Amino acid sequence: MALAVAVFAFLAGQAVVMGQPPGRGGPPGWERVLVLFEAEPGPAERAMVKGFGGSIEREFQIVPAVAASLPPGASNELRRSPLVRVVEPDIEVTGTDIDNTWGVKRIGAGPVHDGTFGQDAQPVLGTGVRVAVLDTGIDYNHPELADFFAGGHDFVNGDNDPLDDHGHGTHVSGTVAALRDGNGVVGVAPEVDIFAVKVLDSNNTGVLSDVLAGLDWCLQNDIAVANFSLGTTTFPGITVWNAFANAEQAGLVMVAAAGNEGVGTDTVWYPARFESVIAVAATTSSDGRAGFSSTGPAVELAAPGEGINSTTPGGGYGLASGTSMAAPHVTGVAALVIAAGITDANDNGRINDEVRMVLQVTAEDLGPEGRDEHFGYGLVDAQMAVLLAYAPGNGTDPDPDPDPDPDPEPDPEPDPEPSFDAPEDLEGSVTGNTVTLQWVDRSDVEDGFEIELGLETGGVITWTGWATVPAGTTSYSDTLADGSYWFRVRAFRLSPAEVTDWSNEIELTVGASADDPPPGGGPPPWVPPGGGPPSWVPPQGPPPVGVHAADQ
């Protein structure tokens, strides 16, 4: 299964051939997939995967899913099982790359390190906060990183030695945590415990299953903040979506590069595009939007990302540009906010939501007034964020009204409950072999829609998953082989996990005869021939498979 994914290399002009990590993924022609089960997988689920000739490569705790390699055609059969919720491709992700540390200075980290950010303040350096960088690894022998390197894991090579064999992860880590010693460069939070979670290989590429395994590792090892300077333009599916949502509910602060697709209607990459993740755009030294920086409603914060000086393998330093370089500035500030003593103001048992709110409300507004699609809430501000977290109340109202109105106005009527109803008025049309579906969205709070395709045999319709599309989508197009098909759609939520009833069912005929079954008698491929993404991918469409240097 070939999926066209836009990728970015760390080194300018260096083309990289994207492929599967060595020794994994099965023989040529096999599919790498993520299988999301209805319940926690046990012996029956494992036996079923193996019964179709597949091999299980990873199991996850954060979602009831496995990563597997399957022989051709097996994924379609697996989808028919009532034990399986969805089978989705295990697509590739990559680092979103494009003195001394102008970015660290610009976001106000200096007064935080010095303890001059407020009256009676003490230096805040991130001491003891556990931060993970999910990337190509870290050169943990670098003098700027060795003192506070705390361990990690290599999911690419399957060992406990996450040494950087590319350079991207070391550069990202220096922006988070380079030592404050008067030499070289300094990180935003120079005394955090820094962990390397290697999920990208020596070509700066990896697969979703390794990223999910890295998320599992973060939760098992009490990580407070995780940095994802990586991504893909392709929607990763509800398995990955669930995993990130569950990690947020578990209390993990997740920061990701928005991507280097440039300006557009919505060019933010995944996982930054998930609501559970802080999407970070890149700025220049003059506070402008870096030309490569992705835009869209998911952009939450901005940070320096052009000409960033940081650590490189072998004890050196180097400049790099990209949203990969912007994200670790926000990761470092999040760690400083935690170290400053942010508390659980809403008493929900976690502080990641308070951290996120503090970062939003203290950001320096850039561009149009208020949140916008280029800078989000604005440039992250370490000094103001730490000051708010450090102040009495740690993010609650610091100056409550000492003389409240004894006869306040009554509270207004509460807003009506949001709706979560099944889609209605499903309709469809066929042009050649392309099927287009349209429906009416009757939900205010869905996270997306599941579309199923049915094949009728002897008066009985057998349904199988066809596509998953994001919230607010009301149409979908894809190609099918000649034949007659049934369709239906429903909305789903991730928190709490629930689905609506199915919409009305419709039947459409592709090709000359409704009596002609699809070739082979089975359901259509999970993706159209050639691996094209669904129609809701940003309108510029996927670039050719390969690497585009993001250095400017």
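In what order do the strands of the open sheet with parallel pairing come? I read off 7 strands in the order β8-β9-β7-β11-β13-β14-β15. Before going on, I note that this is a predicted model, in which local features need pLDDT of at least 70 and side-chain atom pairs count only at pLDDT 80 or more, while totals for chains, interfaces and linings use all residues. Residues are numbered from 1 along each chain as its sequence is written, and side-chain values use heavy atoms, with hydrogens and water left out.

**Entry 1: the parallel sheet**

Neighbouring strands here are turned by 25 degrees against each other on average, direction ignored. For my own reference, helices (H or I, at least four residues) and strands (E, at least two) are DSSP runs, numbered from the N terminus. Two strands pair if DSSP finds at least two bridges between them.

I then checked β11 (residues 225–228), which is joined to β13 by 4 bridges and runs parallel to it. Ala226 sits opposite Met254 of β13. Helix α6 (residues 208–220) packs on this sheet and touches β7, β8, β9, β11 and β13; contact means heavy atoms within 4.5 Å. The direction of α6 makes about 170 degrees with that of β7. Axes are lines fitted to C-alpha atoms, for helices over the stretch in contact, and angles run from 0 to 180 degrees between N-to-C directions.

**Entry 2: Phe149**

I picked Phe149, which belongs to strand β8 (residues 149–154). The cut-offs are under 20% relative accessible area for buried and over 50% for exposed, with partly exposed in between (1.4 Å probe, protein chains only). Leaving out residues up to four places away in sequence, Phe149 touches Tyr140, Pro162, Ile194 and Ala196. I also noted that Phe149 and Ile194 are 45 residues apart in sequence but 5.0 Å apart in space, C-alpha to C-alpha.

**Entry 3: α8 and α9**

I followed α8 (residues 323–339) and saw that it lies across β7, β11, β13, β14 and β15, at about 125 degrees to β14. The axes of α8 and α9 (residues 352–362) come within 10 Å and cross at roughly 115 degrees. Which residues meet there? From α8 I listed Val330, Val333, Ala334, Val337 and Ile338, and from α9 Val355, Val358 and Leu359. By class, this contact has 8 nonpolar, no polar and no charged residues. Ala, Val, Leu, Ile, Met, Phe, Trp, Tyr, Cys and Pro count as nonpolar, Asp, Glu, Lys and Arg as charged, and the others, Gly among them, as polar.

I also looked at how covered α9 is: 8 of its 11 residues are buried. Among them are Asn352, Glu354 and Arg356. The buried residues of α9 pack against α7, β13, β14, β15, α8 and α10 (382–390).

I went to α7 (residues 238–249) next. Since 9 of its 12 residues are buried, α7 is largely enclosed by the rest of the structure. Trp241 and Phe244 are among the buried ones. Just after α7, Gly251 takes a positive phi of about 110 degrees.

I found α7 lying across β2 (31–37), β4 and β5, at about 105 degrees to β5. An open sheet of 4 strands, paired antiparallel, has the order β3-β4-β2-β5. Its edges are β3 (55–59) and β5 (84–89), each with a single partner strand, so one side of each has no neighbour in the sheet. Here the twist averages 30 degrees from one strand to the next. I counted 4 bridges between β3 and β4 (residues 65–70), and Glu59 has Val66 of β4 as its bridge partner.

**Entry 4: β19 and its partners**

I ended on β19 (residues 434–440), where Val435, Leu437 and Trp439 make up the covered face. Thr434, Thr436, Gln438 and Val440 are on the uncovered one. β18 (residues 424–431) runs antiparallel to β19, with 6 bridges joining them. The two form a hairpin with 2 residues between them, and Gly432 in the turn has a positive phi of about 65 degrees. What stands opposite Leu437 in β22? I found Tyr476 there. β22 (residues 475–479) is antiparallel to β19 over 5 bridges.
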